[in-house]
Structure formats: C-alpha cells, structure tokens
Amino acid sequence: MNISKQKGTKDIYSDDILIWQFIEENIRKIAKKFNVGEIRTPVFEATELYMRGVGDETDIVSKEMYTFLDKGDRSITLRPELTAGVVRSYIENGMNSLPQPLKLWYIGNMYRYEKMQKGRYREFAQFGTEIFGSASYLADAETILVSSTLLKEIGLSDDIVLSINSIGCSECRKKYIGILREYLKPRIDNMCDSCKVRYNKNILRIIDCKEEKCNHELKDAPYITDNLCDDCKEDFSNLQNVLTNLKVEYVIDKKIVRGLDYYNKTVYEYISKDLGIAVGGGGRYDGLVSTLGGPNTPAVGFALGMDRLVLLLKEKNILEKIKNNVDIYFALFGDTAHLIGNNLMQTLRNEKNIYVIDGDISNKSPKAQLKYASSKNAKFVCIIGQDEIDKNICIIKNMETGIQENINLNSENIIKYIDNN
Ligand code: HAM
C-alpha cells in the first residue's frame with residue numbers, strides 16, 4: 001500500500017510554490033525596509049514553555065499540542081506558535097543587552113492538532129514579527145504597519161479588515177472580570193459547555209464565543225474596552241491616532257480577546273472578508289518575558305497565517321502576474337547543437353541574468369521540445385540543429401506571433417534580438 005501524507009499536512013509545489021515564494025520575497029523586502037532582523041528557533045521546545053507561556057487553560061495548549069516523550073523521557077512539544085519560542089530565545093541569549101527596542105521577524109511551520117476545515121491545517125506556516133523593549137503604543141503601531149504593508153504589497157488590503165481592541169492592563173482587567181462575572185452569573189447555565197468551563201478558568205474568552213445561545217446571553221454584556229483605566233484608555237486612543245495618521249484602515253471590535261493568555265492592552269486581528277476567518281493576529285504581551293524568567297520587558301508582535309494568505313491569493317488569480325515565464329528556450333537537436341547551445345545559455349545567463357533561460361537536456365524530438373517550451377510560456381525559442389550549425393545561424397521563433405527569423409549564431413546577436421523584441 002502507498003504511504004499518504006498525514007491529515008492536515010500538504011505538499012507545496014508547482015504553481016502553489018510560486019505564490020509562497022511571492023509572499024516570502026515580499027516579507028524579506030519589507031522586513032529589511034523596517035530594519036527588522038530575522039530569527040530562527042527550533043521546531044520543538046520543552047512542553048513547559050507553552051504551558052507557562054501560552055497558558056495551560058487555552059485551547060492551543062489543552063487540546064491541540066503535538067506532545068511526546070523523547071528517548072530521554074523529556075516532554076517535548078512541536079511548536080504550536082512562535083512567540084513563546086522567540087521569548088525563550090530572547091531570555092536565553094541575553095538579547096536584553098542588545099540595543100532596544102529589538103525587532104525580530106520569523107517564518108516557519110507550526111503544529112496544532114485541529115479539526116480540519118478550509119484554511120485550517122495541522123501543519124501550517126506563520127510569518128511573524130516581535131518587538132521587545134518598547135512599552136509605547138508606537139511599537140504596537142509599528143507591528144500593525146509591518147503586517148498591513150505586507151498585505152498591501154501582495155495585493156490583499158481590500159480583502160482583509162483590521163480589527164483592533166484593548167484588553168487593558170492587569171489592573172483594569174481584574175476589575176472588569178469582576179463586573180463580567182456578576183453579569184454572567186444568572187446567565188451561565190443557559191450557555192454552551194465550553195463557556196461553562198471558561199466561566200471558572202478563562203472568563204474573558206466567553207466574550208468571543210460564536211454559539212448562538214451564548215451570543216443571545218451576551219447581548220448586553222459589558223466590554224473591557226468600556227472599562228479601561230485612564231492609562232490604558234489613553235494608550236488605545238493614541239494608537240488609533242497613529243493609525244489614522246498613517247492612513248491604516250481599522251475598525252474597533254470590542255469582542256476581540258484573543259485565544260492566547262499572554263496578551264495585555266492592544267490586541268488585533270486581520271479578518272478575511274471572504275473566508276470569514278482570521279489571517280493574522282497579534283498584540284502586546286508585556287508580562288511574558290518575566291513570566292518565562294527574564295527581566296521585565298514590554299513586548300508586542302503579530303503572526304500572519306501564510307497558508308491562508310496563499311488561499312486568498314489563489315482566489316485572486318495572482319499566478320498570471322507572478323509566473324516565472326521562460327524568456328528564451330533553446331531547442332537543440334544533436335550532440336554538437338547541445339554543446340554549442342549549452343555554451344550560449346551559460347553566456348546569456350552570465351551576461352544577462354535578468355533573463356529566464358531554459359533548454360533541452362533530454363534529447364527530445366523537435367515537436368516535443370516546442371511543446372515543452374510552450375508549456376513553460378517561453379517568449380522565444382532558439383532552434384539549433386546541424387543545418388543551422390553548418391550555416392552558422394540559429395532560428396529564433398517568437399512564440400506569440402509565430403514569426404521566425406534566422407540570425408547569426410553568437411550570444412551578442414541573440415541578446416540584441418531579445419532586447420529589441
Ligand atoms: P494565532 O492567532 O494563534 O496567534 O495565529 C496567528 C495566525 O496563524 C492566525 O490568524 C491564522 O491565520 C494562522 N493559523 C493559526 N492556526 C492555524 C491553522 N490551524 N491552520 C492555518 N493557519 C492557522 C499566534 O500564533 C500568536 N503567536 C501571534 C502573535 C505574535 N502574538 C504576538 N506575537
């Protein structure tokens with residue numbers, strides 16, 4: 001029996017890989033423009049990192065982690081997200097002694113044992129950015145600017161809504177949780193089983209429950225956004241001013257509380273209008289570095305789900321724009337033609353590396369070579385056989401018009417011909 005890939009995983013190749021590369025190229029370009037440095041951390045970490053970092057009551061940690069004992073009896077987990085890993089690395093490598101704020105970006109695969117649906121996988125990739133050492137709303141705005149610049153560059157701005165909220169500092173949250181608990185006390189029995197558990201363990205998450213009966217009970221619920229202390233209120237208002245000044249469009253969604261425990265103050269999500277799910281999320285997490293044993297360090301960041309961005313771009317027929325079409329294909333017939341052709345291709349690649357150059361490497365028939373060139377959308381085909389060599393020419397065929405011309409068999413002529421056509 002053949003062995004298949006695991007549920008929730010995928011092979012990425014052919015046209016799909018071009019979309020991934022398109023996004024990745026833009027990520028690198030934007031990270032450089034914003035002076036953000038790359039970080040690469042291990043795919044597996046100690047399970048405790050996520051229990052303490054992400055929170056053992058969260059869905060991610062309590063239900064979705066790939067956790068196992070290694071041969072040395074250590075509890076290991078495949079990373080379900082990267083913020084905790086980056087924070088671990090920040091602390092372990094003493095990065096607080098580097099000039100702050102420290103801006104880091106990453107791209108990598110994450111693992112969550114989730115129910116499969118469109119855009120939801122068990123292995124998926126995230127692009128993220130974390131900024132350490134700034135408590136200012138300006139750093140929150142910078143993370144939003146990096147992510148929204150990427151969405152703009154890849155042509156998805158109009159398809160995605162940025163929703164922001166503030167879940168306050170520990171002080172205003174404590175007060176708010178008391179108010180929310182009072183509000184929910186007479187209603188919780190009518191709510192779903194998950195909300196009943198959350199009532200005691202993670203009450204804030206009740207606010208974003210999608211169940212109809214819970215929505216009904218939450219109709220007049222108080223929101224944390226309306227219960228912020230003066231400092232948090234001012235911070236949130238300052239952030240909005242910066243975003244407005246930067247012409248970054250956003251809406252305030254008081255229901256956003258996020259599914260990971262480390263957040264405080266600003267939280268945000270990018271929601272796809274079409275898929276109705278989040279393509280990204282982030283926020284401030286000022287307590288995480290110290291929770292994990294490091295010095296008190298404010299921090300803020302986001303992650304965008306690469307697979308979901310690819311899904312959206314596929315629906316927008318991006319391929320036509322980004323396909324790596326062949327500029328010139330060398331159709332070669334016979335051993336001497338292959339020797340000459342190989343030399344020409346190398347000279348062209350060295351001299352004019354802006355061209356995409358390909359040629360026969362399997363002695364196919366003339367018909368098969370032209371068919372292959374056409375399947376690669378070649379603009380020109382340079383045909384060389386023994387007849388052409390004897391006359392010291394090559395035939396250049398314009399694949400769009402079908403017009404063929406004989407030109408002298410040397411690289412300068414071929415370059416001149418392509419440049420002029
Ligand atoms: P998150 O909201 O759990 O945040 O994930 C961020 C994004 O990863 C989601 O918006 C979604 O696009 C994508 N994603 C999550 N799960 C899946 C899945 N099963 N399949 C496909 N895509 C998925 C975090 O992970 C935080 N670490 C973000 C952050 C960084 N906060 C501060 N810094």
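Tutor: Happy to! Strands β3 and β4 run antiparallel and are joined by four bridges; two strands count as paired if DSSP finds at least two bridges between them. The names of the elements come from DSSP runs, numbered from the N terminus: a helix (H or I) has at least four residues and a strand (E) at least two. Before we go on, note that this is a predicted model, in which local features need pLDDT of at least 70 and side-chain atom pairs count only at pLDDT 80 or more, while totals for chains, interfaces and linings use all residues. Residues are numbered from 1 along each chain as its sequence is written, and side-chain values use heavy atoms, leaving out hydrogens and water.

Back to our turn. Leu-69 stands opposite Ser-75 in β4. Five residues lie between the strands of this hairpin, and Asp-73 sits in that loop, between β3 (66–69) and β4 (75–78). Look at the backbone of Asp-73: its phi is positive, about 65 degrees, although Asp-73 is not a glycine. Why is that worth a second glance? Because most residues other than glycine have a negative phi, and most peptide bonds are trans.

That brings us to a peptide bond to look at. Gln-100 and Pro-101 are joined by a cis peptide bond, with omega about 0 degrees. You will find Pro-101 in the loop between α4 (83–92) and β5 (102–111).

Now set our hairpin beside another one. Strands β15 (residues 393–398) and β16 (residues 404–408) run antiparallel, joined by five bridges. Ile-396 has Glu-405 in β16 as its bridge partner. Here, too, five residues lie between the strands, and Gly-402 takes a positive phi near 85 degrees.

Let's finish at the ligand. Around it are 26 residues, and Glu-81, Glu-114, Tyr-121, Glu-130 and Tyr-263 come nearest; a residue is near if one of its heavy atoms lies within 4 Å. Several polar contacts can be picked out, each a pair of N or O atoms within 3.5 Å. A side-chain N or O atom of Glu-81 is 2.7 Å from a nitrogen atom of the ligand. Tyr-121 uses its backbone instead, with a polar atom there 2.8 Å from a ligand nitrogen. An oxygen atom of the ligand lies 3.0 Å from a polar side-chain atom of Gln-126.

How much of the ligand's area does the protein bury? Alone, the ligand exposes 660 Å², and 96% of that is buried by the protein (areas come from the Shrake-Rupley method with a 1.4 Å probe). Two or more residues of the shell come from each of β6 (123–132), β10 (278–284) and β11 (299–305). The largest share, five residues, belongs to β10.

By type, the shell splits into 11 nonpolar, eight polar and seven charged residues. Here Ala, Val, Leu, Ile, Met, Phe, Trp, Tyr, Cys and Pro count as nonpolar, Asp, Glu, Lys and Arg as charged, and the others, including Gly, as polar.

Definitions and conventions: Polar contact = N/O pair within 3.5 Å; in protein donor to acceptor, adjacent residues only side chain to side chain.
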